[in-house]
Amino acid sequence: PRPLRGGPGGWRFWRATTLATMPVGDTATLAPGSLGSELDLDVDNGFRPPGLVGVSGTPVVSASSYLLDQGATYGAGSGTHKLTLFRHPVSGALVFSAGTSQWSWGLDANHDRASLGATTDARMQQATVNLLSDMGVVPAGLQAGVTYLAVPADTTPPTAVVTSPAPGATVVAGSPTLVTGTANDPGGRVAGVEVSTDGGLTWHPATGRTTWSYAWVPAATGAATVRARAIDEDVRLGAASAPVPVTVDAPLVTLVSIAVTPAGPVLAPGATQSLTATGTYSDASLQDLTAQAIWSSSNETVATVAAGGLATAVSVGTANLTATVGTVSGNTTVTVELPQPTITTTTLPAAAAGVAYAAFLGASGGTPPYTWALLGSLPPGLSLDGGSGAITGIPTSFSTLRHTPSMSSPITPATQVE
């Protein structure tokens, strides 16, 4: 089945059928199987013949059979199949493409694979007679149900006018610009409109007929010229409209986000850390914004940050350090922790039996005062003061032992050395 979009674009092709007056937006279905499993799409790929017009429009969606290159790769895709007409620019010959090998299925029910469709369609038969008539063919006889309806050639060329953008307007590269305008055919009807944005070197199909639009995305900056031309239902191409000069400016690049690095630094009180603010812009470029950013801390009792991104840890806790440029900000969370307590004494002086002994253990980190403990035992006569870390006493006998002291601070776990 071939659903058709209503509208005046194919009036001449579909004359003497109900499709010629079908309202815009309505659809009709032609003979079963007439579209076929292999079909062509009207694609704006730079190779369309000048003045090509469609007289139907069938949406096509495929999950696996859409041609993705020149014939080797197939996959998912969608497009619109159209019956098309154009006139050869030199000979003036009218050229028709059904875009399917099974157009004849609607003309005659005698064909192969009849189970897929064997119903003739009087509208398709009539359209074929109309087509041959427009090619100058006069039938010797007609089968029942079709009519020979010759229509005089439309010798008045159609015209098109660009209404937007205005001459001298400025558009932005990479941003959609809607080109709009009107078209008129005093001797008949407008069948289609083409638009050029390079002064007439290449042309693209517009949407609409007497009022039309084309979505243009300028690729390069500089001067550009917009023109339009119309095609009438006799498939004759009108002259290009007056040139509309426009200027294509570079896109405005804006700051999108700021990343502050390193992420989540951990510092001891009094330590410093250099932070970097990197901006990402709308054109995907990156820029170091460290020097120009305004830096701030969510809690200056924990950490401060100076101009240029130098962070200083103050006291235990967390703080968000933020870099701001304009209305865009980025931040990192700094954690301030006390270093773990560590015993700094690695050896003790030798002791002699019967001789008074005194040695003191040292430590760093954590929060004094420290609490000392002994894992194991000292030689007889010696003891450890858990508050001061002093080992004192008079050894009562000779002994060679290794002892493991441990210590802890009020806010840190015990640490030991041997």
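Leaving aside neighbours within four places in sequence, isoleucine 258 is in contact with Ala277, Thr278, Gly279, Leu289, Ala323, Val325, Val328, Ser329 and Gly330; contact means heavy atoms within 4.5 Å. This is a predicted model, in which local features need pLDDT of at least 70 and side-chain atom pairs count only at pLDDT 80 or more, while totals for chains, interfaces and linings use all residues. Residues are numbered from 1 along each chain as its sequence is written, and side-chain values use heavy atoms, with hydrogens and water left out.

Ile258 is one of the residues that touch the most other members in the largest nonpolar core, which has 22 residues; the others are Leu255, Leu275, Trp295, Leu321 and Ala323. A nonpolar core is a set of buried Ala, Val, Leu, Ile, Met, Phe, Trp, Tyr and Cys residues joined through side-chain atoms within 4.5 Å. Buried means under 20% relative accessible area, exposed over 50%, and partly exposed in between, with a 1.4 Å probe and protein chains only. Strands supplying at least two residues each to this core include strand 17 (255-261), strand 20 (276-281) and strand 25 (317-325). Strand 25 gives the most, with 4 residues. Helices (H or I, at least four residues) and strands (E, at least two) are DSSP runs, numbered from the N terminus.

A second, separate core of 21 residues includes Ala20, Val55, Met124 and Leu131. Met124 and Leu131 are also among the buried residues of helix 1. The buried residues of this helix pack against strand 6 (84-87) and strand 7 (94-97). At the start of helix 1, a side-chain oxygen of aspartate 121 comes to within 2.9 Å of the backbone nitrogen of arginine 123. After the helix comes glycine 136, with a positive phi near 90°.

The structure holds 4 aromatic pairs. Rings of Phe, Tyr and Trp (its six-membered ring) pair if their centres lie within 6.5 Å; planes under 30 degrees apart count as stacked, over 60 as edge-to-face and the rest as tilted. Phenylalanine 13 and tryptophan 103 have ring centres 6.5 Å apart and planes at 50°, so this pair is tilted. The two residues are 90 residues apart, phenylalanine 13 in the loop between strand 1 (3-5) and strand 2 (27-29), and tryptophan 103 in the loop between strand 7 and helix 1. Tryptophan 103 also pairs edge-to-face with phenylalanine 96, at 6.0 Å centre to centre and 65° between the planes. Tryptophan 103 counts as buried because its relative accessibility is 9%, whereas phenylalanine 96, at 22%, counts as partly exposed. Ring pairs link Phe13, Trp14, Phe96 and Trp103 into a cluster.

Methods:
A polar contact is a pair of N or O atoms within 3.5 Å; within protein, one must be able to donate a hydrogen and the other to accept it, and residues adjacent in sequence count only if both atoms are side-chain atoms.
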